[in-house]
Amino acid sequence: MANLHSMSFFSARQRVLWVGVCLMAVMLLSACGFKLKGATPLPFQVMYTNIPENSAFGSQLRRVLQANTPGLQFVNDPAQAQAQLIQLSNQRLTRELALDPKGQVEEYELTVRLQYQLSDASGHLIIPPTILQTVRDMPYNPDAVQAKQGEIATLFASMEQSLIDRLVRRLTAPDVAERFRNPDDLPLAPELLADPNQPQQLPPEELLLNNIPTTEVF
C-alpha cells in the first residue's frame, strides 16, 4: 500500500511540474512575440474584382476571402473600392502528353493559369502582374470517354482550388499589407483593360513594354 501511495503522490507531483513547465514556456514565447498560426486578414475592407461572381472560381474565391477577413465587402464600382483585384486572364489548357501505338491519347497534361494584379484606390500596384500556374498529368482511356471527361472536370476544379489557396496566401502576405500602407513609391498601374469587367489575355511582351515585369509562380 505504501508503494502505491508513493507512486500516486509522485505521479501527481510530476503532472503539476509538467503543467508548470508548459505555462512557463507559453509565457516565454509570448514575451518573445510568438503567435500561434492563424488566418491573416487582408489589409483592406472594401474590394473590387472583375472575376465573375457567378463562376465557380469567383464564388469560391469570395467565400475564402470573406472567411479570412470578416466584414470584407465586394463592390461593383472600382471607384468605391480600397483595392482592386484584376484578373488579366484565367485559362484552362489541355495538351496531349502521350499517344499509344494506335495514335490514341494515353495521357493529358492539364494546366490552369491565372494572371492577376492588385492595386489600391489611387492605382498604385500593390502586386504587379503575376501568373499563378499549376500543372498536372492525367492518364486517359479512350474507351471510357464519359468517365474521363468527368475526371478531367474534377481535376480542373481541384487545381483551381489550389490556385485560390495560393492567391489568398499572396494577398494576405505581410509585404502586401506593408505595400498597401505605404504605396507612394510604387508604380501606377497602366490602363491594361479597356473594359475592367472583361478579363483579357495580355502577352508578357506588352507588360514589359509598360516596365511592369510579369512574375510567374508555379
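Contact, as used in this report, means heavy atoms within 4.5 Å. The structure is a predicted model, in which local features need pLDDT of at least 70 and side-chain atom pairs count only at pLDDT 80 or more, while totals for chains, interfaces and linings use all residues. Residues are numbered from 1 along each chain as its sequence is written, and side-chain values use heavy atoms, with hydrogens and water left out.

Helices (H or I, at least four residues) and strands (E, at least two) are DSSP runs, numbered from the N terminus. The protein chain holds five helices and six strands, and their order along the sequence is α-β-α-β-β-β-β-α-α-α-β. Buried denotes under 20% relative accessible area (1.4 Å probe, protein chains only), and accessible areas come from the Shrake-Rupley method with a 1.4 Å probe, for which only the protein chains shown count as cover of residues.

| Property of the protein chain | Value |
|---|---|
| Buried share of the 218 residues | 35% |
| Share joining residues at least 24 apart, among contacts between residues at least 6 apart in sequence | 69% |

Within strand E4 (residues 105-120) lies Thr111, which counts as buried because its relative accessibility is 6%. Leaving aside residues up to four places away in sequence, Thr111 touches Gln91, Arg92, Leu93, Gln133, Thr134, Val135, Phe156 and Met159.

In helix H4 (residues 174-181), the buried residues are Val176, Ala177 and Phe180. These residues lie on the same side of H4, because they cover an arc of only 100° around the axis, the arc being that of the directions from the helix axis to the C-beta atoms.

Terms used
Buried < 20%, exposed > 50% of the residue type's maximum accessible area, 1.4 Å probe, protein only.
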